[in-house]
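Work through the exercises below with the coordinates open. Each task is followed by a solution in steps.

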Amino acid sequence: MVVEIFKNIILNISLLVLIAYLLTKIPLVKEFITNDRERLLAQCAMAVFFGLIGILSTYTGIRVNDAIANTRVIGVIAGGLLGGPVVGIGAGVIAGLHRYLIDIGGFTAVACAVSTIVEGLIGGVCYQYMKRANNSAAFAGAVTLAAEIIQMLIILLIARPLEEAWRLVAIISMPMILFNSIGVMIFVGIFDSVFIEQDREAANRIRLVLNIADRCLPYLRHGLYDKASLHSAAEIIRRESGAAGVLITDRSAILARSGVKLREPDGGCPLPQVVRKTIESGQVRIAEEAEESDLLYERLKLQTAVCAPLTRGGLVIGVLVLFIRKFKLTREVEQEFASGLARIFSTQLELSEVENQKKLLQKAEFAALQSQINPHFLFNALNTITAFCREKPERARELLIVLSNYFRNTLQTGHYMIPLKKELEHVNAYLELEKARFEEKLQVEEEIPEGLSCTVPSFILQPIVENAVKHGAMRGAGVGVVRIRAAQKKNEILITVQDNGKGIPQEVVDRLYRGDMGSGSVGLSNVHKRLKSIYGEDYGLMISTAQEGTEIGIRIPRVKKRGEDA
């Protein structure tokens with residue numbers, strides 16, 4: 001009989017090892033083991049899984065003295081060790097209740113049901129210790145050995161008559177304690193291979209991310225709006241990653257693609273819904289289907305879209321989309337791969353943008369400094385101050401301080417982003433000198449809400465205000481008026497500068513938007529380019545002009561501070 005028990009248990013263990021191997025190939029099980037162990041629904045599903053393994057072990061066991069020598073403990077205790085208390089106890093209750101119901105009245109029915117639940121509880125309690133164990137398979141074997149000894153004690157405590165219980169334990173204890181412990185070691189070892197495989201795959205993906213980033217670096221240095229460079233980067237990503245297709249977008253349009261056929265050319269396509277949701281949330285999104293009207297409807301029938309946000313300064317500026325064939329998708333690995341690639345690309349784009357901004361800032365500083373040290377500017381400012389020296393010496397001293405602050409702001413600005421308040425101080429210094437010069441002929445009105453704050457590119461307002469004074473307000477015969485307003489609109493700060501001059505010729509506005517103003521006009525043109533470069537194509541100058549005057553507006557995206565309400 002003992003030999004038969006040994007043979008049966010070894011056969012059952014072999015069957016369970018095969019089941020364990022097959023389970024590790026099921027996506028639901030792999031996802032649970034690697035990622036979803038804290039989700040209650042996933043825990044309940046796995047409790048059923050391991051409970052069914054326990055039931056199978058009951059049916060494949062061998063009858064001994066009106067009892068069943070079995071490997072039920074393998075499924076139950078492995079469930080607790082791998083999934084935690086909910087899985088262990090759930091599997092124990094399922095397998096234990098089944099054991100009782102198929103043998104109601106049997107002299108070991110209650111004892112075996114109770115011991116099965118207790119073993120599931122033991123596995124669940126040891127779950128946290130299992131995660132810290134150096135050798136998880138050996139630890140699982142030791143826990144099972146102790147649990148099987150406890151099962152034998154429960155049989156002796158509950159099963160009656162006691163003599164029959166003693167006789168049963170003498171026969172089944174050695175093979176069940178020994179081989180079930182070995183079986184759990186093998187069972188858990190197979191599940192451990194999932195983690196090893198996952199780690200190996202993740203390491204390969206990390207190497208791939210770094211390799212792609214290195215190869216794309218020369219193209220990303222040109223920024224997000226160099227189409228040729230961006231298409232080259234998209235092609236490298238698709239070819240090196242093995243993705244079925246790649247899209248790169250900004251906040252409003254598709255900028256580059258590889259391996260993806262679209263109904264309309266780049267820039268003319270509406271953004272797919274999953275891309276819009278990625279921009280709104282700032283989180284990685286996965287889409288496996290789309291509405292019929294969506295651009296990706298046909299493609300998502302065979303592929304899955306993994307969308308990762310491209311960010312700059314906390315603001316989402318675009319999205320990287322990878323299309324993965326559905327049967328090849330390992331959700332967590334592909335999600336981490338896309339997210340890691342997008343983070344590295346974001347850093348590279350931000351670094352290239354910093355370099356570009358430094359160049360533009362140098363041009364802006366040079367233009368501002370050139371304007372300020374212009375002999376006519378100095379002559380007019382000093383002449384105005386001289387006129388005040390005799391009659392209003394206090395006013396002359398005030399203007400000298402304003403002039404010195406004006407120069408100091410220009411010479412000491414080393415940051416390309418400064419607080420709005422600081423930028424307005426620089427603008428007000430310029431206006432103070434101009435008002436002193438033109439006296440009643442120039443009126444300045446400011447409407448800046450108290451407490452309104454944001455950061456703006458340095459020297460971004462001064463060229464607009466200077467244009468409004470020189471080429472707008474003071475070109476007319478009457479009193480010139482310059483109005484500066486700021487207001488918060490949803491998640492943006494809108495700043496406008498308005499004058500009552502004769503307006504800007506439309507052809508000049510068109511040339512500014514096209515970027516062909518020429519080297520002689522760097523003021524508004526430079527501001528327009530800087531705004532688009534920093535915030536995106538939608539954030540250039542907004543110019544409204546007519547014979548009654550001109551209004552120039554800029555929009556500054558407001559990045560929420562941590563803890564602020566939406």
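**Exercise 1.** Determine whether Y535 is buried or exposed, then describe its ring pairing.

Solution. Step 1: Y535 has a relative accessible area of 9%, and buried means under 20%, exposed over 50% and partly exposed in between, with a 1.4 Å probe and protein chains only. Y535 is therefore buried. Step 2: Y539, at 10% relative accessibility, also counts as buried. Step 3: rings of Phe, Tyr and Trp (its six-membered ring) pair if their centres lie within 6.5 Å; planes under 30 degrees apart count as stacked, over 60 as edge-to-face and the rest as tilted. The structure holds one aromatic pair. Its rings, those of Y535 and Y539, have centres 6.0 Å apart and planes at 55°, so the pair is tilted.

The model is predicted: local features need pLDDT of at least 70, side-chain atom pairs count only at pLDDT 80 or more, and totals for chains, interfaces and linings use all residues. Residues are numbered from 1 along each chain as its sequence is written, and side-chain values use heavy atoms, with hydrogens and water left out.

**Exercise 2.** Compare the spans of helices α3 and α4 with expectation, and list their buried residues.

Solution. Step 1: helices (H or I, at least four residues) and strands (E, at least two) are DSSP runs, numbered from the N terminus. The expected span of a helix is 1.5 Å times one less than its number of residues. Step 2: α3 (residues 40-59) has 20 residues, and its 29 Å from first to last C-alpha is close to the 28 Å expected. Step 3: α4 (residues 72-83) has 12 residues and should span 16 Å; the end C-alpha atoms are 17 Å apart, which agrees. Step 4: the buried residues of α3 include A42, M46, F50, I53 and T58. In α4, 12 of 12 residues are buried, among them R72 and L82. Step 5: just after α4, G84 takes a positive phi of about 105°.

**Exercise 3.** Which backbone features stand out at P161, F459 and K490?

Solution. Step 1: most residues other than glycine have a negative phi, and most peptide bonds are trans. Step 2: the bond from R160 to P161 is cis, with omega near 5°; P161 sits in the loop between α8 (136-158) and α9 (162-220). Step 3: F459, not a glycine, has a positive phi of about 60° and lies in the loop between β10 (455-457) and α16 (462-470). Its relative accessible area is 3%, so F459 is buried. Step 4: K490, also not a glycine, has a positive phi of about 55°, in the loop between β11 (480-489) and β12 (492-499). At 78% relative accessible area, K490 is exposed.

**Exercise 4.** Characterise the second largest pocket by volume and lining.

Solution. Step 1: on a 1 Å grid over the protein atoms alone, a pocket is an open set of points where a 1.4 Å probe fits, with protein on both sides within 12 Å along at least five of seven lines; lining residues have an atom within 4 Å of a point. Step 2: the second largest pocket holds about 710 Å³ of space. Of its 26 lining residues, R251, I279, E280, L315 and V316 are the closest to the centre. Step 3: α11 (273-281) and β7 (315-325) are the elements that give two or more residues to this lining, and α11 gives the most, four. Step 4: the lining divides into 10 nonpolar, seven polar and nine charged residues.

Conventions: Points joined across faces, edges and corners; volume = space filled by probe spheres on them. Nonpolar A, V, L, I, M, F, W, Y, C, P; charged D, E, K, R; others polar.
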